[in-house]
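The following report describes a protein chain through its secondary structure, packing and selected residues. The sequence and the model are shown first.

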Amino acid sequence: MDVLRALPHAVTPDQTNPEVVAADVARGHRALTRRRRQRLAFSGAAVAAVAAVALGAGQLGGAATTVAEGPGTTTQTSQLQLVAYTGAQPVGFEVSTVPEGWQVVSSDRSMFVVMPPGPDTAPPAPGGAVSLQGRISVSLQSLSRLPDKSPVTKVDINGRAGELGFPEEAEGKLSDTRWLIFPDASGVSVLVQVPGELGLSEEQIVRFAKGIAVTDEAVSVGG
């Protein structure tokens, strides 16, 4: 303050005029109001942008329905449609519905196997092993059992009790393949195996199973 007082300066009569001072104060208030409005406009735009990003993420996330594969894992639900099966009926199992566009790659007295469209649709060689990777299979239950540590979902298959669960892999972990075990009308236990990578929901698996019937020609895998 001492330095400022020592500086040479002049004060005009207008600068001490109350009207001039009031006008200066008014201009200052208007400038302050404009700055505050600019800050609010910027802040509102930023909030709107964040909200738009969050909404977009919610819409993208909400478009995918998930189903449980196994303990702690999920996968996107398949949009497969089940349609009437019009091909030659399997010897051991009659099937009324299959996923639309899928192809039967194996059908004999012990197993019925259907897979998605793809290059590897050739039937196995006579007496050769049938790959079940990425394919739905139907067979008799035989000695297959769900492990005690598998979560089990009770389902209704044409008025009969069925169980959905997960088999155990060689290293002791639960597989992401789903097993559905249920009795058909004659009381014979059927095993439907659905790999988790196919992403079928419980409802789709149950609907597929409702169209399965065991014939008198059916035998257990391996004879």
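Thr-177 counts as buried because its relative accessibility is 17%, where buried means under 20% relative accessible area, exposed means over 50% and partly exposed lies in between (1.4 Å probe, protein chains only). Thr-177 sits in the loop between E10 and E11. When residues up to four places away in sequence are not counted, Thr-177 touches Gly-165, Phe-166, Pro-167, Gln-193, Val-194, Pro-195 and Gly-196; contact here means heavy atoms within 4.5 Å.

The model is predicted: local features need pLDDT of at least 70 and side-chain atom pairs count only at pLDDT 80 or more, whereas totals for chains, interfaces and linings use all residues. Residues are numbered from 1 along each chain as its sequence is written, and side-chain values use heavy atoms, with hydrogens and water left out.

**Overall composition**

The protein chain holds three helices and 13 strands; helices (H or I, at least four residues) and strands (E, at least two) are DSSP runs, numbered from the N terminus. Of its 223 residues, 33% count as buried. The chain exposes about 13,900 Å², of which carbon and sulfur atoms supply 56%; accessible areas come from the Shrake-Rupley method with a 1.4 Å probe, and for residues only the protein chains shown count as cover. Among contacts between residues at least 6 apart in sequence, 47% join residues at least 24 apart.

**The seven-stranded sheet**

Seven strands form an open sheet with antiparallel pairing, in the order E6-E7-E8-E12-E11-E10-E9. Two strands pair if DSSP finds at least two bridges between them. Strand E6 (103-107) and strand E9 (153-157) stand at the edges with a single partner strand each, so one side of each has no neighbour in the sheet. From one strand to the next, the twist averages 20°.

E9 pairs with E10 in the antiparallel sense over five bridges. Strand E10 (residues 160-165) also runs antiparallel to strand E11 (residues 178-183), to which three bridges join it. Glu-163 takes part in both pairings: it is the bridge partner of Lys-154 and has Ile-181 in E11 as a bridge partner. Leu-164 stands opposite Leu-180 in E11.

Helix H3 (residues 202-210) lies across strand E7 (111-115), strand E8 (136-140), E9, E10, E11 and strand E12 (189-194), and runs at about 35° to E9. Axes are lines fitted to C-alpha atoms, for helices over the stretch in contact, and angles run from 0 to 180 degrees between N-to-C directions.

In soluble globular proteins, nonpolar side chains tend to be buried together. The largest nonpolar core of this model has 28 residues, and those with the most contacts inside it are Ile-136, Val-138, Leu-180, Phe-182, Val-192 and Phe-208. Such a core is a set of buried Ala, Val, Leu, Ile, Met, Phe, Trp, Tyr and Cys residues joined through side-chain atoms within 4.5 Å. At least two residues of this core come from each of strand E4 (93-95), E7, E8, E9, E11, E12, H3 and strand E13 (212-214). H3 gives the largest share, four residues. Leaving aside neighbours within four places in sequence, Phe-208 is in contact with Leu-82, Val-95, Thr-97, Val-98, Phe-112, Ile-136, Val-138 and Val-192.

**Loop residues with positive phi**

| Residue | Loop | Phi | Relative accessibility |
|---|---|---|---|
| Asn-158 | between E9 and E10 | about 55° | 39% |

The hairpin of E9 and E10, in which Asn-158 takes its positive phi, has two residues between the strands.

The side chain of Asn-158 reaches the backbone oxygen of Lys-210 at 3.0 Å. Asn-158 and Pro-183 are 25 residues apart in sequence, with a C-alpha to C-alpha distance of 9.6 Å.

Note on methods. A polar contact is a pair of N or O atoms within 3.5 Å; within protein, one must be able to donate a hydrogen and the other to accept it, and residues adjacent in sequence count only if both atoms are side-chain atoms.
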